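Good morning, and thank you for the time.

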Amino acid sequence: MISGLPTQEVVMVRHTRLPGESADYLAAREELRLAEIELMRHREKVAARRRALPQGPVVDDYVFLEGPADLDEGDTPVREVTLSGLFTAPDRPLIVYHFMYGKLQTDPCPMCTLWIDGFNGVAHHIAQNADFAVAAAADPPTLRQHARDRGWSRLRLLSCGDSTFKYDLGSEDEDGAQDSTVSVFTRDGDGAVRHFYSAHPRMAEDIDQRGIDLLNPVWHLLDLTPGGRGDWFAGLDY
């Protein structure tokens, strides 16, 4: 404290009006509230650093395969669409989720499926600010059948097993093993597409599963509970 300056009083904020809360509980909850504020501010600083990334490299105009927009219309005709063709308007970013399905991943990844279930629910909200698509190595009929089973009616579903898109973006290795990834792209005025940002679940040797947790609310809801998330993993059928 600087001499002569008034101190700022810290005001406790209560989130409930329950009469049975002990003094110990209220004190611990207040400490937690301040820690949550610190976490929020740090998260916003990280987001600002992400937005301030230098210009990324121009990437190939990868070609994807896409079936009819309506899943109920079957799987044909299949058309080719380029990465640049996924942008619906100038100055809109493109978000692509890399789905672990296809090649060595012969069954759809349950965790990716959990993520995409959520994306389907909020796709119309995302569309107000960005273009969004799901890309998988699986062929169009296989990918679309899983989408029908899950009710993914709001998503663009792209097959990219014949291109190097997933390999170049780090969601596939040379043997065809798959990984989940989210990538963001921008498009220059001349139509060239640039990579802006990608993230994977694996952030370090000792962080194997947490890199894209912010994309799904399930983990954060479980983190609110006394037991936390534990070692729970999603399944295709409960």
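Let me begin with a convention: Ala, Val, Leu, Ile, Met, Phe, Trp, Tyr, Cys and Pro count as nonpolar, Asp, Glu, Lys and Arg as charged, and the others, Gly among them, as polar. Please note also that this is a predicted model.

By that convention, the lining of the largest pocket comprises 25 nonpolar, six polar and eight charged residues. This pocket holds about 1400 Å³ of space. Of the 39 residues that line the largest pocket, Arg43, Asp213, Leu214, Leu215 and His220 lie nearest its centre.

Which element supplies the largest share of this lining? Helix H1 does, with 10 residues. Other elements that each give at least two residues include helix H2 (110-126), strand S6 (181-187), strand S7 (193-199) and helix H5 (217-223).

I turn now to the second largest pocket, with a volume of about 300 Å³. Its lining has 20 residues, and nearest the centre lie Met111, Trp115, Gln209, Trp219 and Phe233. Here H2 gives the most, with three residues. By class, the lining of the second largest pocket divides into 11 nonpolar, three polar and six charged residues.

Finally, the chain as a whole. The protein chain has five helices and seven strands, which run α-β-β-β-α-β-α-β-α-β-β-α from the N terminus. Its C-alpha atoms fill a box of roughly 70 × 45 × 35 Å along the principal axes. Of the 238 residues in the protein chain, 36% are buried. The accessible surface comes to about 14700 Å², and carbon and sulfur atoms account for 55% of that surface.

Conventions. Residues numbered from 1 in each chain as written. Predicted model: local features only at pLDDT ≥ 70, side-chain atom pairs only at ≥ 80, totals over all residues. Heavy atoms only, no water. 1 Å grid on protein atoms, 1.4 Å probe; cavity = no way out; pocket = protein on both sides within 12 Å on 5 of 7 lines; lining within 4 Å. Points joined across faces, edges and corners; volume = space filled by probe spheres on them. Helix = DSSP H or I, 4+ residues; strand = E, 2+ residues; numbered from the N terminus. Buried < 20%, exposed > 50% of the residue type's maximum accessible area, 1.4 Å probe, protein only. Areas by Shrake-Rupley, 256 points an atom, 1.4 Å probe, with all protein chains shown as cover.
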